[in-house]
Amino acid sequence: DQPRSRGLGDVYKRQVLTLPNGKGIQQLIQQLIREEIPKHKSRLSKRITLGNQIGGQALHLSPFSVIDQNICIAGESGSGKSWLAGFLMERLLQLNYQLVIIDPEGDYSGLRTFPHTLLLGGEEGTLPAVADVITICEYAEVSLILDLSVMNRTEQITYLQDLLQALFALRERRGKPHWFLLDEAHYFCGPEDGPLTELLLKNMVHGGVGLVSYRPSFICPKVLAQIDHWFLTKMSQEEEIEVLKQFQCKAEKHLPEIRQLASKQVYLCLGETSQMDAPQSGIIEFETARRVVPHVRHLHKYLMAPLPKAKRFYYKLKSNYKGAKVAASLWEFRETIPSLPIETIQYHLKNKDFERWLKEVMHDQELARQIRKLSNRRLTGAELRDSLYATVTNRFEELESLV
């Protein structure tokens, strides 16, 4: 395999040369010519703090382990893969790297709130021509989220073949963008070789590619063989476990733990890296780590679209009540508040029904926290209703801006 070198940036400002009288400079230049990254320690301001290892020790990763190598984030549905991918992207965006996020299901639109980050495609507009995307990447210091969710799978594959070929060519010529993320990778590089798979393989030799998948067994084995670092959330299906055994033997002794990983826990299987103080492979706890942008997976479904009947909120009302008796979405929840009887609001606040529904169904911990805080204020009458309406409205508008 060819060595990889992209986005070397400030690492050489920290390099200590051990040979005197210009020989150290010559040695360093020869390493650069051979595209070798010397062993280094990242600056404190440049490293990525992932979370804590079991026992509490903070775990730090050099950004070059991401942008110069290939990673795969894998785990079963609902295990936190998209949250983790968004977490890594936020850290890279904060370090001013240029990213291109290929988002086939519209899960990363919230990242557009970052400065110098554009969302293209999705329900708000058609994707621009590939030539226009390349022009933006080459001449503007912006990262791109390419939302392909309105395309069918065939259209997505056709678009990606042209896009990736052009983007990889730009990277060869200009060294940018620094990193690509391909979400739901199993859709695009399946076990059978194809043009898109061959294109990925050709360019993964140079690193800088991230894959996200809940079924790595559906990905071409040649592609998986190019992965340097694995971030594994909970995974219990036997066929996926077999894939991990084949491509990451260092994780094999921890496979029972991977089957039982809790929320906000990830098993990091770190391959070879130029980072001197590289962390040991093992379980990372993200309990104290926070996303800058709230994770908005399924948010587009829950704000306006009706929930299944079993997940809707049913108010406790007198039989002769003439208004709405159920809220099927966060929007309906907001709209019903002004006409709800005070005793109904008080009943649900006292029993923590609103809070429980928001946490368990809407998965909105922040709004649930605000409702809990409101319930402790001992407000009554119209003041209680108005405060509840204002709290829900403010949160709704905040979330709506992220979709």
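**Close-up 1. Arg153 lies over the face of Tyr187, at 3.6 Å from the ring centre.** A charge counts as sitting over a ring if NZ of Lys or CZ of Arg is within 6 Å of the ring centre and within 35 degrees of the ring normal. You can find another case at Phe218, where the charged end of Arg215 sits over the ring, 4.3 Å from its centre. Before you zoom in further: this is a predicted model, where local features need pLDDT of at least 70 and side-chain atom pairs count only at pLDDT 80 or more, while totals for chains, interfaces and linings use all residues. Residues are numbered from 1 along each chain as its sequence is written, and side-chain values use heavy atoms, with hydrogens and water left out.

**Close-up 2. Here are the aromatic pairs.** Rings of Phe, Tyr and Trp (its six-membered ring) pair if their centres lie within 6.5 Å; planes under 30 degrees apart are stacked, over 60 edge-to-face, and the rest tilted. That rule gives 8 aromatic pairs. Take Tyr187 and Phe188: their ring centres are 6.1 Å apart and their planes are at 90°, so this pair is edge-to-face. Tyr187 is partly exposed, with a relative accessible area of 27%, whereas Phe188 is buried at 5%. (Buried means under 20% relative accessible area, exposed over 50%, and partly exposed in between, using a 1.4 Å probe and protein chains only.) Elsewhere, ring pairs join Phe313, Tyr315, Phe333, Phe354 and Trp357 into a cluster.

**Close-up 3. An open sheet of 11 strands runs in the order E2-E1-E11-E10-E9-E3-E8-E7-E4-E6-E5, with mixed pairing.** Strand E2 (58–61) and strand E5 (117–121) are the edge strands, each pairing on one side only. On average, neighbouring strands of this sheet are turned by 25° against each other, direction ignored. Strands (E, at least two residues) and helices (H or I, at least four) are DSSP runs, numbered from the N terminus, and two strands pair if DSSP finds at least two bridges between them. Strands E1 (residues 48–53) and E11 (residues 282–285) pair in the antiparallel sense over 2 bridges, and Gln53 stands opposite Ile284 in E11.

**Close-up 4. Helix H5 (residues 153–174) packs on the sheet.** H5 touches strands E4, E6, E7 and E8, and its direction makes about 160° with that of E7. Contact means heavy atoms within 4.5 Å; axes are lines fitted to C-alpha atoms, for helices over the stretch in contact, with angles from 0 to 180 degrees between N-to-C directions. Look for Arg174 in this helix: Arg174 is partly exposed, at 42% relative accessibility. The C-alpha atoms of Arg174 and Glu138 are separated by 7.8 Å, and the two residues are 36 residues apart along the chain.
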